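Hi everyone, and thanks for making time for this. I'd like to walk you through one protein chain, so please have a look at the screen.

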Amino acid sequence: MTEFTYEQLIVDVDRAVATVRLNNPARLNALSPVMTRELLEALGRLGEDSEVRAIVLTGEGRGFSAGADLSALQEPYLKGERPKLSVFLRDGYNRLIPLLAEAPKPVIAAVNGVVAGAGVSLALACDIRIASEEASFSMAFVRIGLIPDAGATWLLPRAVGLPRALELALLSEKVDARRALELGLVNRTVPGELLPDEARDLARRLAELPTTAIALTKRAMRAANQPSLAEAMELEADLQDEAGQTHDHLEGVLAFLQKRQPEFTGR
Ligand code: T3D
């Protein structure tokens, strides 16, 4: 087994299967700038490595990923600065999500626990999702006055259909693993203690299949869906700039960080 060292990722490769573990459990593996940069580097490398024929993406601790690391916004927002969110999106998720969705090999999300916001997008960008029975999903974006991003506007309706995608996005209610399976948000659920083995066994099966045919199948199926993921993510970035300048967004982020209920005013 080969291991690669990162600050907020644990990556190993064992018999053609790479496992990428998001590793900031104290923040439920929220996607910090460091983690996003490391994912870009690791997934880029694994995508090109012909010895790697399947990838498992999972999280350390009780979370898969709680979405964007909101603590990164605390300092600028408290100082009254309102950076353009599209700059972060185009530099981060808009490169990361296509790297996963369009990887030339199968990618499995082993959803080990809590998932929120862009963490849901990360899971949806994988080809197959296996969830622990303890996992729970929440779109979360609206709770901080934002629109779904990281490809969620494209990926979610394709997974669950438009009416359910709208309900999940607008209400942002927590969905447990059983309901996630009913909705088609995940392909299967397993008891938490079995998740690592299930994901590894499935990845190994996929790694023994014709990798080029798998890559081409992914390309063909994604291409059959227009507009493309990339076009949808460009629109997300533009619209997120609008949402990111609202008072409700500021209130949502500060309320989360200050552990209080937000008071939205519609402004
Ligand atoms: O910035 C941009 O570029 C814009 C893009 C945005 C994309 C997005 O993803 S927007 C959505 C961002 N995510 C959220 O809004 C989710 C925030 N988290 C939560 O709502 C809850 O944590 C969960 C529902 C996910 C889980 O709740 P619970 O009760 O199981 O855990 P907790 O106690 O809230 O969280 C545990 C710790 O993780 C806690 O830290 P502490 O108090 O123990 O020191 C909490 O602050 C931290 N944490 C959870 N989520 C985030 C986070 N820290 C930073 N960012 C987070 N997203």
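**Salt bridges first, then the whole chain**

Let me begin with a pair of side chains: arginine 204 and aspartate 14 form a salt bridge, with 3.7 Å from N to O. Arginine 204 sits in helix 9, residues 195-207, while aspartate 14 belongs to strand 2, residues 9-14, so this pair ties together parts that are 190 residues apart in sequence. And before I go on, please keep in mind that this is a predicted model.

How covered are these two partners? Arginine 204 counts as buried, because its relative accessibility is 16%, under the 20% cut-off for that label. Aspartate 14 is partly exposed, with a relative accessible area of 24%.

Now, how many salt bridges does a search of the whole structure find? The search gives 17, and I'll show you a few others.

One of them joins arginine 90 and glutamate 234, whose side chains meet at 3.0 Å, N to O. Here, arginine 90 is in helix 3, residues 85-91, and glutamate 234 is in helix 11, residues 229-244, so the pair ties together parts 144 residues apart in sequence.

Glutamate 81 counts as partly exposed, at 41% relative accessibility. Lysine 79, on the other hand, counts as exposed because its relative accessibility is 54%, and the label applies over 50%.

If you like groups of charges, look at Asp12, Arg21 and Glu60, which are linked in a network of salt bridges.

While we are on charges, here is the view for the protein chain. There are 30 positive and 37 negative charges, and their mean positions are 2 Å apart.

**Out to the whole chain**

Let's step back. The secondary structure of the protein chain consists of twelve helices and eleven strands. Its radius of gyration is 18 Å, close to the 18 Å that the globule rule gives for 267 residues, so the chain is as compact as a globular protein of that length. Along the principal axes, the C-alpha trace spans about 55 × 35 × 35 Å.

How much of the protein chain counts as buried? For its 267 residues, the figure is 52%. The accessible surface comes to about 12,800 Å², and carbon and sulfur atoms hold 54% of that.

What about contacts along the sequence? Taking contacts between residues at least 6 apart in sequence, 73% join residues at least 24 apart. The arginine 204 and aspartate 14 pair we started with, 190 residues apart, gives you one such separation to look at on the screen.

**One last stop: asparagine 24**

Asparagine 24 is found between strand 3 (17-22) and helix 1 (33-48). Is asparagine 24 buried or exposed? With a relative accessible area of 16%, asparagine 24 is buried.

Leaving out residues up to four places away in sequence, asparagine 24 touches Gln8, Asn29 and Met35. For a sense of distance, the C-alpha atoms of asparagine 24 and alanine 180 are separated by 24 Å, and these two residues are 156 residues apart along the chain.

How values were computed. Residues are numbered from 1 along each chain as its sequence is written. This is a predicted model: local features need pLDDT of at least 70, side-chain atom pairs count only at pLDDT 80 or more; totals for chains, interfaces and linings use all residues. Side-chain values use heavy atoms; hydrogens and water are left out. Helices (H or I, at least four residues) and strands (E, at least two) are DSSP runs, numbered from the N terminus. The radius of gyration is taken over C-alpha atoms; the globule rule is 2.2 Å times the number of residues to the power 0.38. Buried means under 20% relative accessible area, exposed over 50%, partly exposed in between (1.4 Å probe, protein chains only). Contact means heavy atoms within 4.5 Å. Accessible areas come from the Shrake-Rupley method with a 1.4 Å probe; for residues, only the protein chains shown count as cover. Lys and Arg count as positive and Asp and Glu as negative; His and the chain ends are not counted. The place of a charge is taken as NZ of Lys, CZ of Arg, CG of Asp or CD of Glu. A salt bridge is a side-chain nitrogen of Lys or Arg within 4 Å of a carboxyl oxygen of Asp or Glu.
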